[in-house]
Amino acid sequence: MNKNLTQHHHRVAYIATAIAAEYGLNLSRIKNTTLAALLHDIGLMVTSEVKNLSTFDIGDDGKLSHSKIGSYLLKEVSFFQELSDIIEKHHFKYKDYPDIEDEPLMIFLADRIDILLDRNKASYYQKDKICDIISSESGKMFKPEHVEAFLKFKDKEYFWLELDMPNKDKILRKYIQYDIYELNMNNILEFTKFIGQLIDFRCSFTATHSARVANTAATLSRYCGFDEQKQKEVEIAGYLHDIGKLGIDPYIINKNGPLTIDEMAEMRKHTYYTYYILTSLEIFDDLKYMAAFHHEYLDGTGYPFHLKADRLTTGCRLMTIADIFTALTEDRPYRKGMKIDKTLSILETFAKNGKIDCNILDILKENIDEIQYISKSLHNEVIAKYNNFKNVLI
């Protein structure tokens, strides 16, 4: 979302972890500091905050919705709940909250250090200026003992050199040993529902999109003869299919009207970003492709790879239909959601033109009542969650 802040979360995690270790937190608290730092801006959905966060003195922490949003969403995932409170407080200033835990204050210090650093210069040559600014805020923005721990790195070349290194995961392993979580399909589905909320709750018009795509696709897969394991993979892919939108400018996501040609070109990048993110994982190859290829057409006119029918599995084909069906029936800022008859008519035209799978479209039409019922129930459930989420912003 901001090219000037590339690797911000990894850099903040490295700084905060180094400070936590130097300060003397135990290993469990260091680990939580690291993980919370890696996730600290995960709730950043409000466009106005993107530029504000690049300013060193950001003012009243109470006006920063992303801390509250991140905390709220993380509470929904069982294995992230311990980090929720740290995320909520990671912009609290020491002078206003002198008695809170060390972890969020350390992340705030690390976050501000990284904001001060010029990406176009080596960190080592900025250390004197950075340390002077941080020292001047000791006892005000930052806890004095944390500042003292940070200043011990001033003349240690390795700290500043590692700060500029691209692979922070390897460097962080000096301080902590990551836990390995054994996740079953239900755990993974829980996590991907959380990701779906991160994607969709950025805009009221897409609040239910990933959930509806996921469940429509899963229903279609059942009628296509997929076994229970594969149906869950399809559902997971549905929740992840738009993960690439996290890399798109929020202005474009929330625009109240049709996109310009340039904006549409920018929006189309999201499918490649989905592919890039998911192919970095060494699991679920079919799932990745189902998610990433949801704008590909059988005749090769889709995007971003322009694949043809021989490269598109049944899972990819049904995901495309589920996405188009859901998008057409949803309200948008510039139009109301289409009625079912018109939606099916458009899909039939797509099928006649060789863009989508006729057989899967027939399955959709044959089971449209069930799909509509599931979609409506899910819509009501997710909207209730979205309304609770909006209350966090107040």
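Mentor: Start with the terms: on a 1 Å grid over the protein atoms alone, a cavity is a set of points where a 1.4 Å probe fits but cannot get out, and a pocket is an open set with protein on both sides within 12 Å along at least five of seven lines; lining residues have an atom within 4 Å of a point. Points are joined across faces, edges and corners, and a volume is the space filled by probe spheres set on them. This is a predicted model, in which local features need pLDDT of at least 70 and side-chain atom pairs count only at pLDDT 80 or more, while totals for chains, interfaces and linings use all residues. Residues are numbered from 1 along each chain as its sequence is written, and side-chain values use heavy atoms, with hydrogens and water left out.

By this rule there is one cavity of 30 Å³ or more. The space in the largest cavity is about 50 Å³. Its lining consists of F293, E296, L298, L312, C316, R317, T320, K355, I356 and D357. Sorted by type, that lining has five nonpolar, one polar and four charged residues (Ala, Val, Leu, Ile, Met, Phe, Trp, Tyr, Cys and Pro count as nonpolar, Asp, Glu, Lys and Arg as charged, and the others, Gly among them, as polar).

Next, the open space. The second largest pocket holds about 920 Å³. It is lined by 33 residues, and those closest to its centre are M264, H295, A327, R332 and Y334. Two or more lining residues come from each of helix 11 (185-200), helix 14 (250-253), helix 15 (261-278) and helix 17 (314-329); helices (H or I, at least four residues) and strands (E, at least two) are DSSP runs, numbered from the N terminus. The lining of this pocket divides into 17 nonpolar, eight polar and eight charged residues.

The loop between helix 16 (285-292) and helix 17 holds P304, and the peptide bond from Y303 to P304 is cis, with omega near 10 degrees. H306 is also found in the loop between helix 16 and helix 17. Its phi is positive, near 55 degrees, in a residue other than glycine. For comparison, most residues other than glycine have a negative phi, and most peptide bonds are trans. H306 counts as partly exposed, at 43% relative accessibility, where buried means under 20% relative accessible area, exposed over 50%, and partly exposed in between (1.4 Å probe, protein chains only).

Now the charged pairs. The structure holds 28 salt bridges, each a side-chain nitrogen of Lys or Arg within 4 Å of a carboxyl oxygen of Asp or Glu. In one of them, E263 and K255 meet at 2.7 Å, N to O, and both E263 and K255 are buried. Salt bridges with shared partners also join R11, D114, R119 and D164 into one network.

Another salt bridge pairs K127 with D155 at 3.3 Å, N to O. K127 lies in helix 7 (residues 127-136) and D155 in the loop between helix 8 (144-151) and helix 9 (157-163), so the pair ties together parts 28 residues apart in sequence. K127 is buried, at 8% relative accessibility, whereas D155 is exposed, at 55%.

R222 and E370 form a salt bridge at 2.6 Å, N to O. R222 belongs to helix 12 (residues 209-223) and E370 to helix 20 (residues 368-393), so this pair ties together parts 148 residues apart in sequence. R222 is partly exposed, with a relative accessible area of 36%, and E370 is partly exposed at 25%.

F56 sits between helix 3 (47-52) and helix 4 (65-74) and is buried, with a relative accessible area of 16%. Its C-alpha atom is separated by 6.1 Å from that of R112, 56 residues apart along the chain. Leaving aside neighbours within four places in sequence, F56 is in contact with R112, I115, L116, I133, I134, E137, M141 and F142, contact meaning heavy atoms within 4.5 Å.

As for the whole, the protein has 20 helices and zero strands. Of its 394 residues, 51% count as buried. Among contacts between residues at least 6 apart in sequence, 69% join residues at least 24 apart. The C-alpha atoms fill a box of roughly 70 × 40 × 40 Å along the principal axes.
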